Structure formats: C-alpha cells, structure tokens
Amino acid sequence: MANQNLIPVIVSGAAGKMGREVVKAVAQAPDMSLMGAIDTSPEHQGKDAGELAGLSEPLEVPITNQLEPMLGYVAGERQMQPGVMVDFTHPDAVYDNVRSAIAYGIRPVVGTTGLSPEQIEDLASFADKASTGCLLIPNFSIGMVLLQQAAVTASQYFDHVEIIELHHNQKADAPSGTAIQTAQMLAEMGKTFNSAIVKETEKLPGARGSVADEGIRIHSIRLPGLIAHQEVIFGAPGQIYTLRHDTSDRSAYMPGVLLAIRKVLQLKSLVYGLEKIL
Ligand SMILES: NC(=O)C1=CN([C@@H]2O[C@H](COP(=O)(O)OP(=O)(O)OC[C@H]3O[C@@H](n4cnc5c(N)ncnc54)[C@H](OP(=O)(O)O)[C@@H]3O)[C@@H](O)[C@H]2O)C=CC1
Ligand SMILES: O=C(O)C1=N[C@H](C(=O)O)C[C@H](O)C1
C-alpha cells in the first residue's frame with residue numbers, strides 16, 4: 001500500500017554505473033520508495049534493479065525502457081508525495097527525459113552532463129512555466145563544491161588558471177560538466193584570465209586544450225583506471241597553487257543525490273549546482 005510520507009523515485013539510467021548506486025541509495029533511504037527503474041540497455045530488460053545494483057534481496061522493481069508510462073503511473077499516485085526522476089543516462093537522452101518528466105509534474109534531479117547552454121535555458125523556461133522544481137547538478141560530491149569555492153577565492157588573486165579534468169574512458173562528453181561549471185564560476189569573477197605574453201602556435205591542434213569563458217583553458221584526459229578527478233592550477237610569478245579533487249568510489253555522490261531528491265520538492269523552477277541547495 002502507498003505510504004504518503006515516502007518520496008516516490010524513478011531512476012533513469014538504472015542499469016548504468018551511477019544508476020546502480022542511486023538504486024541502492026534510494027532503496028536504503030527511509031523516506032523514499034523506488035517506484036521505477038528505467039534503462040534502455042537491451043541486456044538488462046526485466047532484471048530486478050536491486051539485484052543488478054548488488055543488493056542481497058530483490059526490490060521487485062524490474063528494469064524497463066518504458067519511461068512515459070512510468071511517469072504517468074507515478075504522477076497518478078495520489079497517496080504519496082510528488083514524484084522525482086533521477087537521471088543518469090547519456091547526453092543525447094537527458095533533454096527529452098527531463099522534458100517528459102516535467103510534462104508529467106515529476107521533478108527531475110539530473111546528474112547527466114553534456115546538455116548545451118541552449119538546452120539548459122530551454123529546460124529552465126519549461127520548468128518555470130510548469131512551476132516545477134528541477135535540479136541540474138554537474139557534480140554531487142561535497143569535495144567538488146569545496147574545491148570550487150577555493151578556486152573562486154583564489155581567482156581574486158591569480159590572473160592565470162588552467163583546469164585539468166581526468167575521467168574513465170567510457171565518458172561520452174568532454175570537457176566534463178564539472179569543468180565547464182568551474183570555468184563558469186571563475187569567469188563570473190568579471191576578469192579575463194591567461195593574457196598571452198607570446199604568440200603561441202599549436203603544432204598539434206588541441207595541444208593547449210579548449211578555451212572556455214574569459215580565456216580559461218580546460219584539458220580533458222580519458223584513461224581506464226580513472227574514475228573522476230579535477231585539478232585547478234593557478235600560476236603567478238614564482239608560485240603555483242593547485243587544487244585537486246579525486247573520486248575513488250561513486251558512493252561519494254550519494255549524499256548529494258539524496259539531498260537533491262528531498263530539496264527538489266521545495267522548488268518551483270530550475271536550479272543549477274549543488275552549492276545552491278546546501
Ligand atoms: N553529476 C554527477 O555528480 C555525476 C554525473 N555523471 C554523469 O552521469 C551520466 C551517466 O554516467 P554513468 O552512470 O557513468 O554512465 P553509464 O553509461 O554507466 O550509464 C548510463 C545508463 O543509461 C542508459 N541509457 C542511455 N540512454 C538512456 C535513455 N534514453 N533512457 C534510459 N536509460 C538510458 C545506458 O544504457 P546503454 O549502456 O545501453 O546506452 C546506461 O545503462 C553521464 O553523463 C556522466 O557524466 C556521472 C557521475 C557523477
Ligand atoms: O562521467 C563521469 O564519470 C562524471 N561526470 C560528471 C561531469 O561530467 O562532470 C561528474 C563527475 O566528474 C563524474
């Protein structure tokens with residue numbers, strides 16, 4: 001029987017690396033109920049989401065690729081709190097998934113990166129019109145929020161900065177959503193970084209990385225053996241200041257994901273970044 005104190009949660013991308021962690025975290029959260037586990041991968045259809053996530057007992061929630069019927073089912077569940085969809089899928093899929101969720105009044109909590117600025121703007125206006133909360137969080141780890149805060153502070157004193165992000169080689173998008181967000185935060189300080197003092201020639205295209213807002217350079221490394229890592233390196237005559245964050249296990253993201261599921265219910269529009277809900 002439905003429990004009106006529980007938050008009904010749909011996990012989209014439930015068979016993926018992040019989706020499995022989220023299934024486990026939601027199943028163990030006392031105030032949440034896993035209602036649906038969506039994934040398009042053919043080999044996982046019909047499998048129990050809990051068993052796939054490594055839980056000892058089945059959750060009796062099968063993996064299915066039927067997002068819209070699931071959104072409709074949860075939207076119609078009047079005995080519970082409003083529903084939340086957590087999305088960890090693919091840059092090509094996330095925009096449509098979020099539009100669909102908002103159309104059903106289901107609040108999206110989005111970890112998937114790779115949305116374009118235009119897509120984010122469009123989703124913000126769609127959420128606004130529907131008065132529906134939506135959270136876009138490029139990085140759910142508290143350590144990254146602290147790194148970004150330290151980087152913003154340092155950027156007041158340093159005029160030269162480059163970002164290196166390092167990820168596993170199954171990652172679809174580059175640069176990472178976190179690196180883009182970090183560069184945006186530094187760019188908002190209102191100055192131009194990295195004024196060139198010589199004319200540079202790239203003998204191999206891309207050797208100097210990509211140039212984000214206000215001259216900030218981002219370099220992307222992809223290797224098996226990595227999970228998710230980022231360095232922000234500031235330079236000035238005679239000194240280097242390096243900030244680094246390393247993720248060694250995807251469980252690092254789960255406190256942030258659970259917080260976002262709870263917080264999104266209090267919102268009426270789209271909010272971007274974990275730091276805004278801490
Ligand atoms: N915000 C954050 O803190 C973090 C964000 N991420 C981001 O999350 C996303 C997922 O990462 P990760 O778990 O490593 O990726 P995975 O490839 O391991 O998992 C994604 C899963 O989603 C499935 N999928 C693809 N399209 C759809 C769709 N339309 N509907 C439902 N399921 C779909 C995939 O199936 P198939 O394999 O068959 O395509 C796969 O099973 C990435 O964008 C990544 O950058 C990752 C870590 C932390
Ligand atoms: O793909 C990943 O793994 C990650 N993606 C996010 C990003 O693009 O910033 C967050 C974290 O870096 C892990």
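**Helix packing, ligand shells and backbone details**

1. H6 and H7 are roughly parallel to each other, a term used for angles under 35 degrees, where over 145 counts as roughly antiparallel, 65 to 115 as roughly perpendicular and the rest as oblique. Helix H6 covers residues 142–155 and helix H7 residues 177–187, and the two pack at an angle of about 30° with their axes 9 Å apart. Axes here are lines fitted to C-alpha atoms, for helices over the stretch in contact, and angles run from 0 to 180 degrees between N-to-C directions. The crossing of H6 and H7 is right-handed, which is to say that the near helix is turned clockwise from the far one by less than a right angle. On the H6 side the contact is made by Met144, Gln148, Ala151, Val152 and Ser155, and on the H7 side by Thr178, Thr182, Met185 and Leu186, with contact taken as C-beta atoms, placed from the backbone, within 7 Å. By class this contact has 5 nonpolar, 4 polar and no charged residues; Ala, Val, Leu, Ile, Met, Phe, Trp, Tyr, Cys and Pro count as nonpolar, Asp, Glu, Lys and Arg as charged, and the others, Gly among them, as polar.

2. On provenance, this is a predicted model, in which local features need pLDDT of at least 70 and side-chain atom pairs count only at pLDDT 80 or more, while totals for chains, interfaces and linings use all residues. Residues are numbered from 1 along each chain as its sequence is written, and chains are lettered from A and ligands numbered from 1 in the order in which they are written. Helices (H or I, at least four residues) and strands (E, at least two) are DSSP runs, numbered from the N terminus.

3. Glu21, Val22 and Ala25 in H1 meet Met254, Val257 and Leu258 in H8, a contact with 5 nonpolar, no polar and 1 charged residues.

4. Which helix gives the largest share of the shell around ligand 1? Helix H1 (residues 17–28) does, with 3 residues. There are 26 residues around ligand 1, of which Gly13, Gly16, Met18, Ser41 and Ala93 come nearest, a residue being near if its C-beta atom, placed from the backbone, lies within 6 Å. By class, this shell divides into 10 nonpolar, 13 polar and 3 charged residues.

5. Ligand 2 is surrounded by Thr113, Pro138, Asn139, His167, Lys171, Ser176, Gly177, Thr178 and Ala228, a shell of 2 nonpolar, 6 polar and 1 charged residues. Thr178 also belongs to the H7 side of the contact with H6.

6. Most residues other than glycine have a negative phi, and most peptide bonds are trans. A cis peptide bond joins Ala174 and Pro175, with omega about -5°, and Pro175 is found in the loop between strand S7 (160–167) and H7. Glu60, in the loop between helix H2 (49–52) and strand S3 (63–64), has a positive phi near 60°.

7. Glu60 is exposed, with 9 other C-beta atoms within 10 Å, where exposed means 12 or fewer such atoms, buried 20 or more, and partly exposed in between, with C-beta atoms placed from the backbone.

Notes
Two residues are in contact if their C-beta atoms, placed from the backbone, lie within 7 Å.
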